[in-house]
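Here are my notes for you to read with the model open beside them. Take the points one by one and try to find each on screen.

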Amino acid sequence: MNQFQYVRPTKQKAAIDALARDANAQFIAGGTNLIDLMKRGVMAPQKLIDINRLPLTKIESQNGSLRIGALALNGPVAEDKLVLERQPLLAQALSAGASPQLRNMATVGGNMLQRTRCPYFYDTALPCNKREPGSGCGALEGFNRMHAIFGFSDKCIAVHPSDMSVALVALDATVLVSGPKGDRRIPFNDFHRLPGDTPQRDTNLEQGELITAVEVPDGPFTKHVHYQKVRERASYAFALVSVAAALSLDGNTIKDARLAMGGVAHKPWRLTDAEKALIGKPATEETFRQAATVAMQGAKAFEHNAYKLKMAPNAIIQALKTAAAA
Amino acid sequence: MADDNPEINPAEPGASHNEARRTFLKQSSLLTAMTFTPGPIVQAAAAQFDEKVAAAFEKVPLKLEVNGVKHKLSVEPRTTLLDLLREQLHLTGTKKGCDYGQCGACTVHVDGNRINSCLTLAVMQEGRKITTIEGLANGDNLHPMQEAFVKHDGFQCGYCTPGQIMSAVACIREGHAGSEGEIREFMSGNICRCGAYSNIVAAIQEVKNGGQKV
Amino acid sequence: MKTPEKQIGARMNRVDGRQKVTGAATYSAEYKLPGITYAVLVGSTITKGRITSIDTKAAERAPGVLAVITHFNSPKVPGFDTAGKDPSQPATVGGPIKIFKDDKIRFNDQPIAIVVADSLERARFAAGLVKGQYAQEKHQTNLEANKAQAFLPTSAKKNPKHPMNDYQRGQVDAYKTGAIKLESEYVVPTEVHHPMEMQAITAHWEAPDRLTIYDKTQGTMATRRDFAREWGLPEENVKVIATYVGGAFGNALHSWQHESAAIIAARVVNRPVKLMLTREQMFTMVGYRPYTWQKLGMSATPDGKITAITHEAIGQTSTFEEFTEATLAQTRMMYESPNLTTRYRIASLDVNSPIWMRGPGEATGAFALESAMDEMAHLLNIDPLEFRLRNYTEQDPEKNRPWSSKFLKECYQLGAERVGWNKRQLKPGSLRDGDWLVGYGMGVGTFGAHRGSSKANIRLLPNGTVLLQSAVTDIGPGTATAMTQIAADTLGLAPEKIKFELGNSDFAQAPTQGGSAIVNTVGPAVQEACLALKEKLRTMAASSNAAFASTEKEDVLFADGYLTLNGNPNARVPFADLLKQTDGGFVTVESKPQGDASKSFSMYSFSVHFAEVRVHVLTGEVRVSKLVSCADAGTIVNEKTAGNQMKGGAVGGIGMALMEHAVIDDRFGRYITKDFADYHVPVHADSPDVQVAFVNKPDPHVNALGTKGIGEIAIIGVAPAIANAIFNATGKRLRELPITPDKLLV
């Protein structure tokens, strides 16, 4: 790990100023991904701005939404009474991620900013356009078992590893950011980017911007929800594919539906067409199967991840079945 | 600590700067010394002079409490809590099993919550209370979880054990030891390659069901 | 006085439990030595070729750096230059490549430099500044692409009696003409031991000709021999300390280059050097279970008698060592088959050398054999347990001699009851629990009950306690605990009064911990040492108390502060008096296998594993819901620790069956799986409450204790039990490990 300057502001403005001044600076919150990457030489910031003492940890109910501070920790959020009551899907997704220890460290803002787990990104001796633009994509013709089936480019086929973000994109959350040019709100689906020609950019955050909170609008998705995570071992593993499913039922009729997938794209993958295919239909396996078929339109596999073309729709069906039965 | 005013932070601004400074220091000290001193002394002098200056630039002050003992330290910002415990405070009970937050051997409690000490910088823990495996027993009296691990043989090689025990204590305190399944899920951040999982779960269940204060 | 309770067979707590639960147990990178320095290794980024230059300037200038050592500036290591074996002959296991000796790169991430600094942070940073330049050559890292170049190991070529030679009984490849036959190919991929403690060494030159290393090794004596040779030192000048070993599973059976590098570095900086590999380096700088391809052909009669088996295997090795393992051993002796052929080959790749991983080749071979047994039973529509019983061997069909003991049938019975085998349906896919398909499978394991020679030191201390010392290590099974129990029974002394010290090459000679042979080997030495001590004390006591003269050592009893006699409590000689008569030194005893039992009997431990699995119909996820392991391992010295070892092997088998798979991107020759995020090992949630049962009947021939060994049979046969259960649940026969969800969705 390189030497770096370390500062620990206690005021939001000081933190933003510090970052805005220095292109080689990084915020550090939980550190569970950044320190990992710094140890391996993948990231080498010259300055770390420790934002853990900023007052951004509150979870509060406001008019029509739940506002979760960016520095609220994943574990406590997953067990927060308000979150469990209003947004159980988010709680489930958070609990499916990492380990209890990591959830006690990782923040909500940091979770969104997790970088891909693509092995080529992690090894500085291998090509990776995300780590080193122009060096090539090692995964494209390499070991691409974990990689994208949607939204990839010839520059990058990595996937976003967050579970929490899959629930948040499904729930139409909004990311609140504060920067040198003031505050702005980013719809969750616009927060993460597809790789295109600039895979080095994971999100649409601008230089100097700080995530301050995420807002999750209140909705009808308090009962029939399920986060289905398919992984290689029973716990403490990144998803092969995951599905966040939320249904609002009137009897057996689907009034409203939300669906998103993880482990399939460079960003959490919202499935709006599949949602449309669900609304107004009976909550049956047949309906779920049709929605899954819609969801998979446009999916394309590489040498080692063709299984996702079957696993993903199956996981959607399973998630919807479980959500409907909840 | 230069809260709110990054510019007066005593830490050096980065590696490239350090390297240039160091090269300068080394060369200048060598040049002055070389004319009249034998080789080994030149080297030693250069190294020592350099290290003292470098240390002053590269370290930041840190106060924290470990197992009830208050420490006033001076550390490099890049030092992880794990490496601080093991290499500087010689509390080697906290283990390094992967260094990437993927095994749980380094689990400690910070202000009562379990975390992976390998993925946090020591300086980030300013003012916090750290408990390691060495701080769990009450003098010669083992903590009930330690007793239960011995009784149920909740280990083989012993290397993951401190992390398992710190996690197990937290698992009960958090209220995540309600059933065998819940224990297994909430202990999954602690890998035991020897595979003593069944015995670890038995130990946790005994402590939980025994109702002792953990 | 009261005779102490029998300790052998008792569920005694570990003698080092307190150290392990308090963090007081000290592992190789945890010794506090004055002036300690930290080393980090730099690995090559190419797979094959030559180093043309190494830029070390930036690293040398970095703060705190004490040395950067490469082949350009490494000091001469005397043992690297001594004329060894004929260079035209390939080296065999035990000869690691000579680090920093030449510019040749033989595998990816081969160490090219070691950086020493005054702190770990500084060493790690500086290591990142070292840049190698290479002349790259074309490499081969894929076994499947190199099967055609596989060859008979040199050891077998040279010696027709070597077990790696082709084996034949009856007719060659007779299965091909059988009426009911199968022929299947199986793959066990590269797996990595990954003990929780990464490989670590602290090297300290206490004088220019005296080296002490605190090292993660399974054999303190073997490690001492290797490094004494390397530095041209008498063995007594090298001390190897491994009091605690944080798991190994075979990984520390070999002396590796990083150990040589740390010793060189300590020499250069003239201070103690601490080196711990990173988790990435645990894939590359030490060994692994080699990728192995197998083909098994089998024929049988309609009523379930095997008529022929042919089992072939090709395992990978490096270009500089011929690694071999007994992949086909179980096939030769497990089942009656009048015709049987085995062929074992290895193929050299541009990779580091493999090293035996728990249950080594037998675990790999058992995956093929025990899967094929299940396939044949299915073909014949016979219950797989019944099929095994119909081909049960009452004597060794390979060597045509009796077993020293075999209670495998008892194991079958115990395990079948506990897992609920009667619920198993012959037709796959018959059982379902909601969205989960349920199935049952079994797999059998065996491993030679080996016994070697060992010494033990013993002495009586003034406080009436007995100290035993052995160079043996304890990598987790609880060696010191078992030895304490054996000593307690032999001496008639409470275990609290016995201290068994281990893990130091200065102690009495003992073999390397491995091959399930430690209790078999060191146990008798401890027993004999205890008897020798008793005899010594008896004769010394006889000089002051006549009662001791006319008795046998077996009658000698230890009481509180004095020695007495069974049946004669009035005969008392205080320990203090006895110790006055002696120098207080150790009695050293050497114990060797007696007689020729190993020539008249075939000696094996046996195990059977039963698994109940659940396979999700939509996602392909597999959960092992029950796992029952039963063993015929002779006498069980401590059911608590032995049971734990069996459970651990079962968990290792879950990893082998369902998730472990180290992957190289052959374009680069570089591992793509680099840590526990992409090389999965089982976590708590993957493990059921593993049930263990022992037959616990002594073997009359292996040794006086009746033990046969546990460590290997704990894992051998687990992976096929799970794979067979998956077949029973789904009807899908998967012959390539690991069985990940994607494979079940195809």
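1. Start where chain B meets chain A: 47 residues of chain B are in contact with 43 residues of chain A, contact being heavy atoms within 4.5 Å. The area buried between these two chains is about 3,700 Å², with carbon and sulfur atoms giving 50% of it. (Buried area is the accessible area, taken with a 1.4 Å probe, that two parts lose on being put together, summed over both.)

2. A word on ground rules. This is a predicted model, where local features need pLDDT of at least 70 and side-chain atom pairs count only at pLDDT 80 or more, while totals for chains, interfaces and linings use all residues. Residues are numbered from 1 along each chain as its sequence is written, chains are lettered from A and ligands numbered from 1 in the order in which they are written, and side-chain values use heavy atoms, leaving out hydrogens and water.

3. Which side chains form the salt bridge between chains B and A? They are A:Lys39 and B:Asp99, at 2.8 Å, N to O. The rule (a side-chain nitrogen of Lys or Arg within 4 Å of a carboxyl oxygen of Asp or Glu) finds 1 salt bridge across this interface.

4. Now look at which parts of chain B touch chain A. Helix H1 (15–34), strand E4 (113–116) and helix H6 (180–186) of chain B each give two or more residues, and E4(B) gives the most, with 4. Helices (H or I, at least four residues) and strands (E, at least two) are DSSP runs, numbered from the N terminus.

5. Over to chain C, where the assignment gives domain 1 (17–25 + 452–592), domain 2 (37–138 + 197–247 + 252–284) and domain 3 (148–190 + 288–450 + 600–745). Such bounds come from an automatic or database domain assignment. The C-alpha centres of domains 2 and 3 of chain C lie 36 Å apart.

6. Those two domains of chain C do touch: 25 residues of domain 2 are in contact with 24 residues of domain 3. About 2,100 Å² is buried between them, 63% of it from carbon and sulfur atoms. The salt-bridge count between domain 2 and domain 3 of chain C is 0.
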